[in-house]
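User: I would like to learn how to read a few features from a model. Please take me through them one at a time.

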Amino acid sequence: MSQKRPWHTALSSLVVSLTTDETLAANTILEISANECITVEKAANNFLPVVIEAVDARPIHQWLESLPGVHYVDVVFCSTEIPQEEPTSPLTS
Amino acid sequence: MMHIDRRHFLKSTALAAAVAAAQQKAFGKYENTELEPTLANDGVTWDKAPCRFCGTGCHVRVGVKDNKVVAIQGEQLAEVNKGLLCVKGYHVGGILYGKDRLREPMLRKNGQLEKITWDEAIEVIAKRIYDKPEQFAIYGSGQWTIPEGYAAQKFIKGGLSNNHIDPNARLCMASAVTGYLSTAGVDEPAGCYTDLDECDVLIMWGNNPAEMHPVLFSRVIDRRSKGQQVKLIDIGTRRTRTTEYSDEYLEFQPQSDLAIANGIAHLLVKNGTYDKEFVARFCNFRKDTDEPSLFGQASTFEEYAALLEEYTPERVEEISGVPAQKIRMLGDLFARHDIRITSLWCMGVNQHTRGTNMNRLLHGIHLLSGHFGKPGDAPTSLTGQPSACGTAREVGTLAHALPGGRIVANPEHRADCEKVWNLPDGRINAKPGYHTIKMWEQFCTATEKGGDINTVWVQVTNPGHTLPNLKKNFTGKKNLKDKFLIVSEVYPTATTELADLVLPAAMWVEKNGVVGNSERRTQQWFKMVDPPGNARDDAWMTIAVAHKLFEMGHPGMKDKDGEFIFNVVDASGATIPIWEWAHYYDVNTDEQLFEEYRLLSFKKHKDLAPYQELVKACGLRWPVVKKADGQWHETPFRFMEFSDSYVEKGKELQFYHSVTKDDKALIWFAPYEPATEAPDDTFPTWLCTGRVLEHWHSGTMTRRVPQLRNAMPHAYVEMNPEDARGKGLSNGDIAVIETRRGKIELPVWIDGRGHPPSGSIFVPFFDENLMINNLTLGDIDPISKQPDYKKCAAVVYKKGTPSPVAPPKG
């Protein structure tokens, strides 16, 4: 079952696919830009590049997906420098 | 804490990647055209590799610094993913760095695994094989790279004259293979991912690409974002994330997809709306023999029409639960010639006791309607592993197969391989080996009771978790003292728990590799970082064991000139001892193995590009043909004159490996047949199993990545809200799931990601602590031998209440 735990993602960047409704898309960009955890670049047509850093990325990803002007969210980059927290095993040498 | 300058640099890189991906999506182009490894000004070296996980074949750019993968981005130049990755892909670097990576060979002594040297390990294996080579088996997977699978294939079939080798791909796409073979005479799709960009209608048959192939699904959703019209139809047994994006959702009773496909064909014939010219030019008709067989027997259109007679929309509604008007809607869509239709399927169709037939029927409705042979008109089976196509299907690591579409039963095919491998005539055994389920049944059966497999070497897969009905097919080994299980692995797994010998393996960019994805695309990468401890390449392990047997005098390890079967020489002709780890990378062994294998790729027109051409590309789709311009050209669309060099001029469409030898494909009739186990009074619920977005297969890699593990920490049972309420179960309560094979306790998830209809449940299989495969059925398709994981009968009740299942008498 999905649990809302921090993702500890140091850095990730996404492409947000926006609606073709220009007014709704413009409002959505404004709403996303207002989120202080997100850095927004200039949209290419209705595809908006964004970076999320140093926060729990998952709820932000989910929030982006839930916006009425958003069709889809793709991930394009992730830093792998993350805290490790793995199960251990007696087989580990 | 990451250094601030480096962080700043990575942020710039992340932003640039997103901008480039957005431009790629918006304008379909990307300015940088260099694929060469690049050294950035913070010391991070970037190089290309395909993602380690599914069969989509996305390319990533891997950032490496100080012998460690430090960043991943989608490869902008890759046509498959155009800079995008799914949540698993962008964490793929993390799979290398679980704390419990296996680092040393370990042999079980007095019940405990104890560290040994590689020399000791290789000798143990060689002795097991030398004593009883005919009782030895190799079990691999679609995660083998092509050179790894090829080495294992040559070792066992060419060296030991033993065909007991099978990949876990038997569990995921064997029915796709038999479907393609019995339709077109040769395996693998005609189309490619471009079909997703060109279709007007996308029909997903028991398929959830929004979670399982999200980058491909994103390609389709992008088209809507650009204002294009594409109609999505989800034909499934439960609502999924894919359903949320679909225009139509047709919910069918498990197993009744056969009736739906026949219902479409019935309407095309009855209404006279099938493509008569296409059928006359390019198709013959076929039906099965009394005993199911791969190529069946000839039939006629008239017989086909008569056999379809009973599949009226109303009859199909009775069988499937899909309203008759929806069957008519599908029939009307296939009848239109002004639109293009692509069908997608994966495990829902393939993991099916009639998987071969369901594949045949899907090909059949596309052929009958003429929705074939143009971009966007395609029946396409997706794969779940990075090289299920490349290694299992093309290298032919199946028990009956040989490289390049050959089979062991064909003398000419055996002779081809013996020639390339420089083996004496007759070295390769003509009798197919054991398929996966049979192999494990024989291994888990006592020798004195006929269990004639006594040693299995598992490479790059986890059968202790993924085989169906595990008590019968895997854990039965536990008390059989003369059976010996060797496991090459990267992490401790359910399989290593029963292993007698564990070999630590290198993975992904810790070694060179070549793989083949779902659209016939062969992809290459170079080693970028060292494996941990004493972990080593799987292909090296195979070659080292082969050489030990050579030293011991095993005649099969010599070619007909007396040389070692994996002999590699340098420019002066001197042997390079690649069986010694210190010398394995003195030469690019992958390239050596691949170039030898490539010689076997031409017979069935699966022509692979030279290794050095693959180095320059983000994969090339075979057949790759050198043309008059001196360039190597890939083939996006096979059998189609506008794309495929092997189609004769003027033919337009040519199935040049046709079963009937007349360049035509086969339209099969196959009846609806009930499931082998269906709900009854005692076990009244359908149990379906499958995957989740965050975890890849048995989770051994993705569960080591904290972000993925935390996002989806454990398995669950999806229940219908009314069913749950009727059993006193709420979200988070613990339910007991029981089948005739066993029972398991799982937390209930209601109205979560998936929505099963009343009378059915869904459980994902990724969780090694909650293994649903202790309960699954494992009945197999009679032709492909692929097991059904999608349906069996179960009962669900709240933990703490009595089991409604009466104990067996006696």
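**Core, barrel and helix**

Analyst: This is a predicted model. Its largest nonpolar core has 269 residues, and those with the most contacts inside it are B:Ala18, B:Ile486 and B:Ile737.

User: Which helix gives the most to this core?

Analyst: Helix α21 of chain B, residues 538-552, which gives nine residues.

User: What does B:Ile737 touch?

Analyst: Setting aside residues up to four places away in sequence, B:Ile737 touches B:Leu687, B:Val717, B:Lys743, B:Ile744, B:Leu746, B:Ile761, B:Val763, B:Leu775, B:Ala794 and B:Val796.

User: How do I read strand pairing?

Analyst: In a sheet, strands pair through backbone hydrogen bonds, either parallel or antiparallel. Here β29 (residues 734-739) and β30 (residues 742-750), both of chain B, pair in the antiparallel sense over six bridges. Within this pair, B:Ile734 stands opposite B:Pro747 in β30(B).

User: In what order do the strands of the barrel close?

Analyst: Six strands of chain B close into the barrel in the order β27-β31-β28-β30-β29-β32, with mixed pairing. From one strand to the next, the twist averages 45°.

User: Now a helix. Which residues of α1(A) are buried?

Analyst: Count neighbours: a residue is buried if 20 or more other C-beta atoms lie within 10 Å of its own. In α1(A) the buried residues are A:Ala25, A:Thr28 and A:Ile32.

User: Why do the buried residues of α1(A) line one face of the helix?

Analyst: Seen down the axis of α1(A), they fall within an arc of 60°, so they line one face. On the other side of α1(A), A:Thr23 and A:Leu30 are exposed.

Technical notes. Residues numbered from 1 in each chain as written. Chains lettered and ligands numbered in written order. Predicted model: local features only at pLDDT ≥ 70, side-chain atom pairs only at ≥ 80, totals over all residues. Buried ≥ 20, exposed ≤ 12 C-beta atoms within 10 Å, placed from the backbone. Helix = DSSP H or I, 4+ residues; strand = E, 2+ residues; numbered from the N terminus. Arc of directions from axis to C-beta. Core = buried A, V, L, I, M, F, W, Y, C linked by C-beta atoms within 7 Å. Contact = placed C-beta atoms within 7 Å. Pairing = 2+ DSSP bridges. Axes fitted to C-alpha atoms, helices over the stretch in contact; angles between N-to-C directions.
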